[in-house]
Amino acid sequence: MLTLAVAATLTALAGGTAGVVESPAAPGAAPVAAPTTVPSVIAHRGASAYAPENTLAAVDKAHRLGVDWVENDVQRTKDGELVIVHDDSLARTTDVEQVFPGRAPWRIKDFTAAEIRRLDAGSWFGPAYAGARVPTLKQYLKRVDHNRQKLLMEVKNPALYPGIEKDMLKVLRAQGWLDTAHVRSRLVVQSFDAASIRAVHRQHKGLITGFLGTPKVADLPTYAAYTDQINPQHSSLSKEYVAAVHRLKGAHGQRLRVNAWTVDDAANAKKVKGFGVDGVISNRPDVVRAAMRG
Ligand code: G3P
Ligand code: CA
């Protein structure tokens, strides 16, 4: 059951638009077109070129663009609430410096959830987003569910938050995200921190996980023991590297996958598609989707 469920998710992540796969050619027949697949498109921090990153507005913008996968960054407040912010400080993406002067460097782990609720996480991006809030993980999951979207969730800076993997699983469970339907096709957990991904895999063997980075080819089998995806920066990729990843099976017995980040222009979208990646993580998901479909 578990294997079937995970296989379905991996298939979903392999591509949004499967191409035509024809029958083997009869002798002498014209060559059969090779199967083609358009990589999945994942909205990075939501559709973050168009709405403030990691806010519910960025999730909704991805939804309006017809993008079903969103990526986010999970960190933890002083009093243990999980919130969606990229930097370890609140300074760049909120008005924390005005609301709490004298609290430099305004680290998330030094603020309570109630304090963070007071912050404006939208005005820095544009006046149309004034009043947007830093979402909690709970609020974020509810919105993604409401939109029938899927989540590539990053455990961000886990070394700053010992035990965050357990906290995260608790919230996922409470929000219904560890049922078969979500685990099968709507959730992937990733991190730059291999120990964090190993911890997630150990604590919930069914979850699909991804490692952010470009490990040496010789080290890939070690990662494949506990993860299902290798998600590298696009400039570090080559066709040969993608092929080396694809030669391995991941933690759930399916082909190890590759999602490239952060691709925001047509030329690079076409390039990584040519390398054979399974997914592309983008601030401009509409742009890369159009380029890869073309
Ligand atoms: O999902 C890939 C990407 O999010 C990794 O980089 O710094 O944007 O979290 P960063
Ligand atoms: Ca991220």
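The model is predicted, so local features are reported only at pLDDT of at least 70 and side-chain atom pairs only at pLDDT 80 or more, while totals for chains, interfaces and linings use all residues. Residues are numbered from 1 along each chain as its sequence is written, chains are lettered from A and ligands numbered from 1 in the order in which they are written, and side-chain values use heavy atoms, with hydrogens and water left out.

I begin with the protein as a whole. It contains 12 helices and 11 strands; these elements are DSSP runs, H or I of at least four residues for helices and E of at least two for strands, numbered from the N terminus. Of its 294 residues, 53% are buried, where buried means under 20% relative accessible area, exposed means over 50%, and partly exposed lies in between, with a 1.4 Å probe and protein chains only. Contact here means heavy atoms within 4.5 Å. Among contacts between residues at least 6 apart in sequence, 60% join residues at least 24 apart.

I turn now to the calcium ion, ligand 2. Which residues are its protein donors? They are Glu 71 through OE, Asp 73 through OD and Glu 154 through OE, at 2.1 to 2.3 Å from the ion. Donors are N, O and S atoms within 2.8 Å of the metal, or 3.2 Å for Na, K and Ca; water is not among the atoms, so sites may look incomplete. Along the chain, the donors of this ion have the spacing E-x1-D-x80-E. Glu 71 belongs to strand S4, residues 69-76, and Glu 154 to strand S6, residues 150-155, so this pair ties together parts that are 83 residues apart in sequence. Both Glu 71 and Glu 154 are buried.

Arg 45 leads on from this site. Its contacts, leaving aside neighbours within four places in sequence, include the donors Glu 71 and Asp 73. Arg 45 sits in the loop between strand S3 (40-43) and helix H2 (56-64). With a relative accessible area of 15%, Arg 45 is buried. From Arg 45 to Ala 62 the C-alpha distance is 9.7 Å, for a separation of 17 residues in sequence.

Asn 54 is found in that loop between S3 and H2 as well. Although not a glycine, Asn 54 has a positive phi of about 60°. Is Asn 54 buried or exposed? Its relative accessibility is 2%, so Asn 54 counts as buried.

As background, most residues other than glycine have a negative phi, and most peptide bonds are trans.

The loop between helix H3 (96-99) and helix H4 (113-117) holds Pro 105. The peptide bond from Ala 104 to Pro 105 is cis, with omega near 5°. Trp 106 lies in the loop between H3 and H4, and its phi is positive, near 60°. Trp 106 is buried, at 14% relative accessibility.

I close with two helix pairs. Axes are lines fitted to C-alpha atoms, for helices over the stretch in contact, and angles run from 0 to 180 degrees between N-to-C directions.

The axes of H6 (residues 164-174) and H8 (residues 194-203) come within 9 Å and cross at roughly 45°. H6 and H8 are therefore oblique to each other; angles under 35 degrees count as roughly parallel, over 145 as roughly antiparallel, 65 to 115 as roughly perpendicular, and the rest as oblique. Glu 165, Lys 166, Met 168 and Leu 169 of H6 make the contact with Ser 196, Ala 199, Val 200 and Gln 203 of H8. One of these, Ser 196, is buried at 1% relative accessibility. Beyond four places in sequence, Ser 196 touches Val 155, Pro 158, Glu 165 and Ser 191.

For the second pair, the axes of H11 (residues 266-275) and H12 (residues 285-293) come within 8 Å and cross at roughly 55°. That makes H11 oblique to H12. Ala 266, Ala 269, Lys 270 and Lys 273 of H11 meet Val 287, Val 288, Ala 291 and Met 292 of H12.
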